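Hi,

Here is the structure I said I would pass on.

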Amino acid sequence: MPCERKPMRYGHSEGHTDVCFDDEGKCIVTCGSDGDVRIWESLDDDDPKSINVGEKVYSAALKNGKLVTAVSNNTVQIHTFPEGDPDGILTRFTTNANHVTFNSSGSRVAVGSSDFIVKIVEVVDSSQQKTLRGHDAPVLSVALDPSDEFLASSSCDGSVTVWSIESQTQVAQWKILQKSSDVSNAKSLCRLAWQPRSGKLLAIPVDLTIQLYDRNTWTHVSTLSDDLITQVVNVVVWSPCGKFLAAGTVGGNLLIWDVEAKLCIERQKHEKGFTVCGMAWHPSGGRIAYTDTEGCLGLLEGVSSSSPSSSSTIQSKATASKETNDYDDLFDEDDDRMLDEGMSDSRSPVKKPIMEDDDDDDDLMPATGRPRNRGSFLDDDDNSQDPGSVKLDGVPEEDGSSAILPAVVPAVSRPVYDGPKPTQPQRAFQPGSTPMHLMHRFMMWNSVGIVRGYNDDQDNAIDVEFHDTAIHHAMHLTNTLGHTMADLSQEAVLLACEGTDELASKIQCLHFSCWDTHKDWIVDLPKGEDVRALCLGQGWAAVATSALMVRLFSIGGVQKEIFSLPGAVVCLAGHGEQLLIVYHRGTGFDGDQALGVQLLQLGRRRRQVMHGEPLPLSRKSYLAWMGFTAEGTPCCIDSEGVVRILNRTLGNTWTPVCNTRESCKSKSDHYWVVGVHENPQQLRCIPCKGSRFPPTLPRPAVAVLPFNLPYCQTTTEKGQMEEEYWRSMLFHNHYGFLSSSGYEIDSEGQSQAEKEQQELLMKMFALSCKLEREFRCVELAEMMTHSVVTLAIRYASRSRRMALAQRLSELALEKANQLQEEEEEEEEEPAYQRHTSREYRGSNQMSSRQAQVENGCEEEEEDYPQEEQMDAEESTETRKPSLNPFKKGAKSPERPSPKPVSKEGRVNPFKVSGAGKSSSSPAGQPRTTNVLDSMTMSSRKPTPLGGTSKQGKAPILKPLAPKPKSKTQATLLQMSASKGSSKKLEDSQLEAEKVKPAPAATPPASMENIENRKPKTGFQLWLEENRKSILADNPDFEEMDVIKEGMGRFRTLTAEERLNWTERAKGDSDPKKRKREDEGQADEQMETDEGSAKKKKPLDTSAKLSAFAFNKE
């Protein structure tokens, strides 16, 4: 095998280097202690592309366009190839990672580090990791076998270990290396190598030799050596065909063996004798690249005889080793084991070999007709101890071509399942903790404090730190029992460890809030039962075990209830009296987890709130965090970053409220959640650059993310307000739940939240009015409270939407009737269930407001506070059945009963406050005259506006008390209030307003009483007498035109004449009262005519609403 050694090229600064080829062999990739990765198109490339990935790079691997590097900041990073763009952090360790390597398909990466740990990480989802523990010193090298069934690792503890990847256990171990304290002190890097494709042999450099071990029996089958080797072998690498093995030594020797013949067929010497620390064989087998500890790159050309890419290579091999070819002619390849190995990793026995075979075709053997696939079906010499893949090169090409045809045979003999594949169930975890394999980790981070665990050579301890040192001072605990799980509350620290063969699983509680001297207790679980999850609540602790049980304890150590779970637990969470349990309710498929959730109340009334309902997660995700908000609402977060919160008012459904991925700058960035708050609305989390969890040092900073419900079209004004409203509704449900559970709540915060919600509804109502969506306006009004519905009616009237105002008035009356029926039920309902319905029922408290809308929408703004005052005073009066305003009753000492009102369909405009049992009633319900008898004149005196509007526990009703008067009077008051051009007119208006507070403070008996208590102004009196003359001059005038013309003429009068009219108007009020006192008389003087006019005109609803709208503009 003649080969040529090319001159060395300087590539990196002095120090450790590594080298590999890309998949097609077009580029050489090197890395070094200068932190750079260089991409060489050839050895003669004078300007290689350079990518800086860190301070130092210890190892690099390249597959499928993914460049993986082990960097000095204790991380394993991914970069795109050849662009060199960062693609995140694959995993991290507590110390340096020493070696990285891909599996044959490029789907997994194996990493060995100085913290004695080996990790196997999925490239697509770095959260899918397997951790192998067992070495007692830093790991030197790792290698994945071609079938992904085993992993081999060498360590400074002097051992080479073979692990089963699936079970994460050791299957073989050989103490054949020299021990050392660290990688820098090791005599050899001991780079291991599996034989390509079959993986039947494992090559291990041991001192001056290379030992080969058989994977079937894990026994030593052969040793390769040479007299030229004077120093230990550092690195070995197989040829792509699996026939030859190359090695580099500490002394700079480069050797190639024919493995079958055990002959050294090539010897080369480093031009300067430097240590060879990196080697890579070209995918076609034509050359070998190598690097040394001085940062130089070298190349061995002309090693083409190792490649079976053509018949000439086969012939050259025949001349090099005829015995081998003769042996191959006698026996077929021993590759039947490759099929079994392929099936062990892939659930489909056909797909996996073909997939890997495509890689082999492209990279190794482009002209042999799928030798890998052929090897999967040639069945011979199963018990041979000789390496089967060595014989691949001796098989004639025509045999390989014919072997493609019967490739379907195994698929026929073995049925293939093409349905959805089961998902690996996620393991139990503690929310707020980082992975257990880390030497320094967070065992718990929650709203109370932080529990850190340290497990290194110096210390095995637990530190407890409280956010509020007033709860307790920081604690340092010696972790002699090896606790791996923890939870922290304001009362105690709960710790637990899994059992071993000798020791049982233990639960330890440090009850620091205890008032006696014994502050801790320990409980041993039954043999064979391990703790899987734990949590603390208010006065209790819960532990879920491997026996599918949940054990409850008091905080002082008393064992309480035990109950079974339907599946393996995933996590527990506690808050106050609530216990949340998440478990596997079945097997998920296609990457989905099938989780169930139970929610229990552990207070005096013990009950199960959620009975194992499915927990919703994003597609192909798993549960990343589960717990409660600071206010006690269950919340969960999946691996896709979607935050969901329990909506108690919608049947305990889960509502997505945030997606942390939207705040991440890179795909590899994540947010690690430590707490959720509803008031203020905050998601407290730690940003993790290129990782899913933060390191313990330096102390990570907590960031705050806002919530944003995924409503449609939130860029529009409508969508934004809808999102704000429903987010406010969702995040304030806790007020009702806490109050029903006996907790004190912030009533001021609750009222402020309700005010914000009603403001948003009114804004949406106004927007819908502008868009002429009147049906939508009514839908929004159904969610409003009584006072906001009133404002909506006024807004609709001013917007000249009379049909909408009519609908809203009917809605108000309907809600009033509903309120009467539901009042008693509300007192018995839990408050948190009542909270949402309050938005629909709040406006029911507007008792007979339809009469006001139909007959009195022309009311002025200044009347409204006085009406509130009147209702407030009403709520303090005796709560007796209502008086029918249409029925003629007995005389009252204070005020006579009114005359019967005309029976033209007017509804009852009054109501009784909802503060008592007697609610507003329909028009036909009688009301005793004792209510009027109990009234005193002092109660009718004006009081400060709104001074008693908040009396009583129930919401105060604020109806728009109707003031039936002639259209002339109504419009006059409005116009005078808006214009106010004449001083005398203003005086007359003030006179009218001075009288208004008196009726507002007394529950009126009828509408006529209201009329009688409102004397006319001078202008009204003048207009009545001069109306005919105005109409005679202007017969086409409408009512509004008559009033305008009248006001113009009234202004032309002298001040003395206007004052005279005002005095006459005042003088008319007393005679009216005296005449009305005589109930038996139905005298037919001028007041009777006026009264009949007043009764008829308000029936014209459209006219009244029109007058109100036009004059309010």
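This is a predicted model: local features need pLDDT of at least 70, side-chain atom pairs count only at pLDDT 80 or more; totals for chains, interfaces and linings use all residues.

Residues are numbered from 1 along each chain as its sequence is written, and side-chain values use heavy atoms, with hydrogens and water left out.

Helices (H or I, at least four residues) and strands (E, at least two) are DSSP runs numbered from the N terminus, and two strands pair if DSSP finds at least two bridges between them.

Let's start with an open sheet of four antiparallel strands, in the order β15-β16-β17-β18. β15 (139-144) and β18 (169-175) are the edge strands with a single partner each, so one side of each has no neighbour in the sheet. On average, neighbouring strands here are turned by 20° against each other, direction ignored (axes are lines fitted to C-alpha atoms, and angles run from 0 to 180 degrees between N-to-C directions). β17 (residues 159-164) runs antiparallel to β18, joined by six bridges, and Ser164 sits opposite Thr169 of β18.

In the model, residues 9-41 are 0% helix and 45% strand, with their end C-alpha atoms 13 Å apart.

Trp672 stands opposite Ile686 in β51. β51 also runs antiparallel to β52 (residues 703-705), through three bridges, where Arg684 has Val704 as its bridge partner.

Now the core. The largest nonpolar one (buried Ala, Val, Leu, Ile, Met, Phe, Trp, Tyr and Cys residues joined through side-chain atoms within 4.5 Å) has 26 residues, and Tyr725, Leu761, Phe765, Met784, Leu804 and Leu808 have the most contacts inside it. Buried means under 20% relative accessible area, with a 1.4 Å probe and protein chains only. Helices α8 (717-731), α10 (747-770), α11 (774-781), α12 (786-798) and α13 (802-828) each give at least two residues to this core, with the largest share, seven residues, from α10.

Last, in α23, Val1042, Ile1043, Gly1046, Met1047 and Phe1050 are buried. Down the α23 axis, the buried residues fall within an arc of 135°, so they line one face (the arc is that of the directions from the helix axis to the C-beta atoms).

Cheers

Methods:
Buried means under 20% relative accessible area, exposed over 50%, partly exposed in between (1.4 Å probe, protein chains only).
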